[in-house]
Amino acid sequence: KEATVKRFHYDDHRQFEAHLTDFVVAYNFGRRLKTLRGLTPYEFICKCWTSEPERFRLDPIHQMPGLNI
């Protein structure tokens, strides 16, 4: 089998660092964890918020990173 590899070109080291940081944040944000019973950290927080909203000051759904960030 052959693997698909994406290649990126960066004009400078800062662009590379920004892309790497974005990748690591997205990976960690979307990773499903055994200790959270297979949920992502965000899914776990939303689940807790729906069962115990009084524990939270802010609605976690409004804190979700999205297209406008």
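1. Let's start with the rings: this structure holds 4 aromatic pairs. One of them is Phe8 with Tyr10, where the ring centres sit 6.4 Å apart and the planes meet at 25°, so the pair is stacked. Keep in mind as you look around that this is a predicted model.

2. How open are those two residues to the outside? Phe8 is exposed, with a relative accessible area of 51%, while Tyr10 counts as partly exposed at 25%. Another pair is Phe23 with Tyr27: here the ring centres are 6.5 Å apart and the planes are at 20°, so this pair is stacked too.

3. Where do Phe23 and Tyr27 sit? Both lie in helix H1, 4 residues apart, which is about one turn of the helix. As for accessibility, Phe23 is exposed at 53%, and Tyr27 is partly exposed at 46%.

4. Now for the charges. Side chains of opposite charge can pair when their charged atoms come close. How many salt bridges are there? The count comes to 2. One of them joins the side chains of Glu43 and Arg32, at 2.7 Å from N to O. Glu43 belongs to helix H2 (residues 41-51) and Arg32 to the loop between helix H1 (13-30) and H2, so this bridge ties together parts that are 11 residues apart in sequence. Arg32 is exposed, with a relative accessible area of 52%, whereas Glu43 is partly exposed at 30%.

5. A salt bridge also joins the side chains of Arg55 and Glu52, with 3.7 Å from N to O.

6. Last stop: the inside of helix H2. Which residues are buried there? They are Tyr42, Cys46 and Cys48. These residues cover an arc of only 160° around the axis, which puts them on the same side of H2. And what covers the buried residues of H2? The cover includes H1, so turn the model until you can see both helices and look at that side of H2.

How values were computed. Residues numbered from 1 in each chain as written. Predicted model: local features only at pLDDT ≥ 70, side-chain atom pairs only at ≥ 80, totals over all residues. Heavy atoms only, no water. Salt bridge = Lys/Arg side-chain N within 4 Å of Asp/Glu carboxyl O. Helix = DSSP H or I, 4+ residues; strand = E, 2+ residues; numbered from the N terminus. Buried < 20%, exposed > 50% of the residue type's maximum accessible area, 1.4 Å probe, protein only. Arc of directions from axis to C-beta. Contact = heavy atoms within 4.5 Å. Phe/Tyr/Trp six-rings, centres within 6.5 Å; stacked < 30°, edge-to-face > 60°.
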